[in-house]
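Let's take a friendly walk through this model together, moving from the overall fold to a few individual residues.

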Amino acid sequence: MVNLVKASFIALSVFLVACAAPNKAPQSLYDEIGGKPTVEAITDNFIDEISFNKDIYRYFEKTNITRFREKFIEHLCVNTGGPCTYTGDTMLKVHQGQKINETDFNLTVDLLVSAMKRAGLTYPQQNRVLKVLAPMRGEMLYK
Ligand code: HEM
């Protein structure tokens, strides 16, 4: 009898472990692209791309780039599922008053894509990052 209870318990445990395994949390995009070093590399490349593009750099002339770098890293980390806290301002507040038009918005996205490519992201990974950022577009355009 004791053995039967033991055997049932073992069988139940094996069953539960087997059920739980496929439910393991999928790897975040953050981890998949390489975590902190990659998010930092994307951000540094992005700053580099911005500094060489006079149409976009003009928006950043008075920006504290050290702060921008820190907040952009946090933002990208959180939005790709990384273990960070975003401590910057809302996208609306930051971009308000800049009157960003669609041409400049699209150009900035191109710079970000270049930055991601240079950091080694595959084309599908680049698209997944853009997909997360896309809904924020409305908070930045023409404000
Ligand atoms: C791709 C979408 C974009 C994202 C995810 C994004 C994200 C951010 C973040 C996280 C910050 C820092 C916030 C803070 O300091 O609290 C920031 C600042 C800034 N962004 Fe964007 N941004 C985007 C598009 C743009 C575009 C299209 C422009 C202009 C063409 C722009 C111009 C700026 C400027 C000038 C600042 C610094 C503002 C300041 O000096 O206080 N951003 N952005």
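This is a predicted model: local features need pLDDT of at least 70, side-chain atom pairs count only at pLDDT 80 or more; totals for chains, interfaces and linings use all residues.

Start with the whole chain. It holds eight helices and zero strands, and reading along the sequence gives the pattern α-α-α-α-α-α-α-α. The chain has 143 residues, of which 33% count as buried. If you take the contacts between residues at least 6 apart in sequence, 69% of them join residues at least 24 apart.

Now for the packing of the helices. Two packed helices are described by the angle between their axes and by the distance between those axes. Find helix 7, residues 102-118, and helix 8, residues 123-133: their axes come within 10 Å and cross at roughly 140°. Helix 7 is therefore oblique to helix 8, since angles over 145 degrees would be needed to count as roughly antiparallel. The crossing of helix 7 past helix 8 is right-handed. Helix 7 brings Val-109, Leu-112, Val-113, Met-116 and Lys-117 to this contact, and helix 8 brings Gln-126, Val-129, Leu-130 and Leu-133. Sorted by class, the contact of helix 7 with helix 8 has seven nonpolar residues, one polar and one charged.

Helix 7 has another partner to look at. Helix 3, residues 35-51, and helix 7 have axes that come within 8 Å and cross at roughly 135°, so helix 3 and helix 7 are oblique to each other. This crossing of helix 3 and helix 7 is right-handed. On the helix 3 side, the residues are Ile-42, Asn-45, Phe-46, Asp-48, Glu-49 and Ile-50; they meet Thr-108, Leu-111, Leu-112, Ser-114, Ala-115, Met-116 and Arg-118 of helix 7. In the contact of helix 3 with helix 7, seven residues are nonpolar, three are polar and three are charged.

Follow the chain onward from helix 3 to Asn-53, which sits in the loop between helix 3 and helix 4 (54-57). Is Asn-53 buried or exposed? Asn-53 is buried, with a relative accessible area of 15%, and the cut-off for that label is under 20%. Apart from its neighbours within four places in sequence, Asn-53 is in contact with Leu-107 and Leu-111.

Next comes the ligand. Which residue is the only protein donor of its iron atom? That donor is His-95, through NE2, at 2.1 Å. His-95 itself lies in helix 6, residues 91-95.

Lys-99 is not a glycine, yet it has a positive phi of about 50°. You will find Lys-99 in the loop between helix 6 and helix 7, where it is exposed, with a relative accessible area of 60%. Tyr-142, again not a glycine, has a positive phi of about 55°. Tyr-142 belongs to the segment after helix 8 and is exposed, with a relative accessible area of 55%.

Definitions and conventions: Residues are numbered from 1 along each chain as its sequence is written. Side-chain values use heavy atoms; hydrogens and water are left out. Axes are lines fitted to C-alpha atoms, for helices over the stretch in contact, and angles run from 0 to 180 degrees between N-to-C directions. Helices (H or I, at least four residues) and strands (E, at least two) are DSSP runs, numbered from the N terminus. Angles under 35 degrees count as roughly parallel, over 145 as roughly antiparallel, 65 to 115 as roughly perpendicular and the rest as oblique. A crossing is left-handed if the near helix is turned anticlockwise from the far one by less than a right angle, and right-handed if clockwise. Contact means heavy atoms within 4.5 Å. Ala, Val, Leu, Ile, Met, Phe, Trp, Tyr, Cys and Pro count as nonpolar, Asp, Glu, Lys and Arg as charged, and the others, Gly among them, as polar. Donors are N, O and S atoms within 2.8 Å of the metal (3.2 Å for Na, K and Ca); water is not among the atoms, so sites may look incomplete. Buried means under 20% relative accessible area, exposed over 50%, partly exposed in between (1.4 Å probe, protein chains only).
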